[in-house]
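Reader: I'm new to this one. Can you walk me through it?
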Amino acid sequence: MPEPAPLEMPVQDLSRAPFLRTHGNLWDIRRWGVFAPALIGTGLMMWGLHQLFAEKGLTSLEYLLLGLIGMTFVWVTLAVSTVAIGLVSGREEPTSTTQGTALRVALLMPIYNESPSEVFGNAAAMLADLVANKGQHDFDLFVLSDSRDDAIAAAEWQAFQALQGAAPQGMSVFYRRRADNTDKKVGNLVDWITGWGAAYEAMIVLDADSLMTGRAIGRLTQEMSADPKSGLIQSFPQLIAANTLFARLQQFSHTAYGWLLGEGLAAWARSEGNYWGHNAIIRTHAFASAAGLPRLRNLRGSDDIILSHDFVEASLLRRSGWRVRFMPRLSGSFEETPGTLIDYVLRDRRWCRGNLQHLRLLGTAGLHPVSRFHLFQGAAAYLMSPAWFVLLIFWALLGRDSQTNVITYFNEVNPLFPNWPPAMSHIDSMLFLMVMYSVLLAPKIAGAVVIGLDKRGVRLYGGRLAFLSAFLVEVALSVAYAPILMIQQTKAVLRSIFTRSDAWSPQQRQASAYPLKTLIGFHWLETLLGVLLSAGLVAGLVSFWLSPIVVSLLLSVPLSALSAVPLSRRLPLGLRLETPLSLKEPPIVRKARAARSVMADHIERAAKIPAE
C-alpha cells in the first residue's frame, strides 16, 4: 500500500439534517409526467373495483383486497410511465462544457473469496484499456481483499504480484487484505477512505465482476471534473458473459427493455439519482464528509450494519447538497449476472434484507423527497411479492364464478358463523388477468416496438425474425418464472423479518446445474402450491385463467433445472436470446478473457513452486 493519507469520515447523525443543503426544483414537468399518470391510472382502477364491490355493500375483506390491488398496481403503472418518459424525453447525456482539472482517481475493487484470476484478469484488461484511452487524469488501482480463505488469499497475492509487475507505466497497483473484515464491504471501503482517501479526488468503485472500458472510466472522470457540484455519477452497467438460459434471459431483457427504464429514470431523477454500489465514480471528500453510515438498532436490541448501503449513501450525499447523477447512455460499463434461478434467488435474499432496512430510514432528517422515494421503492420492490401472493390466494378462493366462490360458499353452509368470512363480490378473472398482464408487459412491448421499427436496431439482434423470436421466448419464460420468483421473494421477506442476518458469502460466478435433491428442497413450497391449485382447477373451484400461474408453480423444479442449461450455438438465433453484446462481443470482454487465462496460468505455476 502507498503512504497513508488519512481522511476523516464521521458517522452521520440521521436525526439531524446538515445546516446547508440544496433540494432544487422538486416537481418539474418530467416528474409530473411519471407520477401523475401512475396515480391517476391506479385511482381509476380502484374506483372501478370499488363500484363493483359496492353493489352488494363493501366488506372488510373487500377493502383489504382493494388495498392490495392498489399497492401492486401503482408500482406497475409507475414502470409504464417511466418507460413513456424515457421514450419522449429525448434527453441527451450531460456533456462537459469545460475541460475541468485533471483528477487523481482510485479504482477500488473490494473482493471477498472471489476467483483471483478473474478479478485480477479484469483489472489487467481495464488498466491496459485506460492506457490506450490516453486521458488527462491519473489512475491507481487498489484491490481491497476481505477474503477469509487462506488458499484464495495466497492466490490473490500471486496474482497481485503479476499484475503489479505488468502494470502500465504511470499506474500503480496496490493490494491490501484486512486482518479483520469488520462491517463487510462498507467497512472495507471506509478503511480505505480513512487510511488513504485524502490522496485522491475521486474513486471509482467496482465489483468483483465489474468490467469497464478505458473510455467509460475516462468519461465518468471527465464529467466529475467538469461538474464540481457532482458527488456521485452512476453508469448503467450492461450484462455480459451470459451463457445459461436464465442468464441469457436476463441479458436479453436488460438489453432490449432496460434501456427505456434507464432513460426514464435519468429523465425524472435528474440530480436526485441513485447508487447501485458499483461502476460509479464518487467524489472522495464529499463521500467521506456526508456518507458515514451509523449502525441501526434492531428489534432484538443489538446493532446491525446497513446492508443495502448504496441507496443510503446516495441519499446522504444529496442531503448534503451534492448532485447524484445517472448516465444511462454511457457505453462500456459491464457486469455479470447469476447463471441459474437458484443463484439469482440467493443473491436476491441478501438484497431483500438490506432493502427492507430502508423502511427504518425513511424518517432520516433532511433527505430530499426523491431520495426518500428511492429508499421506499427499494423496499416496496420486495414487499410487492407478498402482496401478489395474498392476491393469488384471494383470487383462488373467489373461484371461477359466483357459484364457486369459496368464501361465499363457507358463509352459506356454516350457519354457526354467519358473519365470517363475509361474502365477497366476484371479480371477472379473465378481465383482471388481462389488465394486469397488459400493464406488466407494456414496458417490454414498448422496447420491442422501438427496436423492431429500427432497421439498424434489429440487425444488431441478428435480424427482425431473430429478434421477434427472442422477444416471444423471453416473454414466455418471464411469465413462467414470475410466479416462482413471487414465492421466493415472499419467503425472503419473511426470512428478513423473522430470522437473523444471512451468512456473508460470495456470489456464485460460475453457473452449474444443481442436483435434483437440491432443486426439490429449494422449490418444495412452489410445487406444493401448484399441486393444491391444480386440484382446485380439476374440481372446478379455481378459475381457468389462473392456469399459467398453476403450471409455473407445478413445474418449478424442472423450470429451475432448465435455467442452468447452457445455450448451444447450434440453436436458432431467436432461441438463443442473442443480443448485440453476445453476437458481437465488446473488445474489452475479449481482452479480459485473455487476461484471466494468463493470470490463471501464472497462479497455477506459482502454486507448484515449493516455498523456500
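Reader: Let's start with strands. In which sense do strand 7 and strand 12 pair, and over how many bridges?
Author: This is a predicted model, to begin with. In it, strand 7 and strand 12 (residues 333-335) pair in the parallel sense, over two bridges.
Reader: Which residue in strand 12 is the bridge partner of Leu239?
Author: Glu335 is the partner of Leu239.
Reader: What order do the strands of that open sheet take?
Author: The order is 5-12-7. The sheet has three strands, and the pairing is mixed.
Reader: And which are the edge strands?
Author: Strand 5 (211-212) and strand 7 (238-239). Each of these pairs on one side only.
Reader: New topic. Why is helix 9 described as largely enclosed?
Author: Eleven of its eleven residues, 309-319, are buried, so the rest of the structure largely encloses helix 9. Among the buried ones are Asp310, Glu313, Arg318 and Arg319, along with Phe311 and Val312.
Reader: What comes just after helix 9?
Author: Gly321, with a positive phi of about 95°.
Reader: Now pockets. What volume does the largest pocket have?
Author: About 880 Å³.
Reader: How many residues line it, and which lie nearest its centre?
Author: The lining has 27 residues. Nearest the centre lie Gln238, Thr255, Ser331, Leu460 and Pro580.
Reader: Which helices supply at least two residues of that lining?
Author: Helix 6 (214-226), helix 7 (245-269), helix 13 (429-452), helix 14 (455-460), helix 19 (580-583) and helix 20 (587-608).
Reader: How does the lining of the largest pocket split by class?
Author: There are 15 nonpolar residues, six polar and six charged.

Note on methods: Residues are numbered from 1 along each chain as its sequence is written. This is a predicted model: local features need pLDDT of at least 70, side-chain atom pairs count only at pLDDT 80 or more; totals for chains, interfaces and linings use all residues. Side-chain values use heavy atoms; hydrogens and water are left out. Buried means under 20% relative accessible area, exposed over 50%, partly exposed in between (1.4 Å probe, protein chains only). Helices (H or I, at least four residues) and strands (E, at least two) are DSSP runs, numbered from the N terminus. Two strands pair if DSSP finds at least two bridges between them. On a 1 Å grid over the protein atoms alone, a cavity is a set of points where a 1.4 Å probe fits but cannot get out, and a pocket is an open set with protein on both sides within 12 Å along at least five of seven lines; lining residues have an atom within 4 Å of a point. Grid points are joined across faces, edges and corners, and a volume is the space filled by probe spheres set on the points. Ala, Val, Leu, Ile, Met, Phe, Trp, Tyr, Cys and Pro count as nonpolar, Asp, Glu, Lys and Arg as charged, and the others, Gly among them, as polar.
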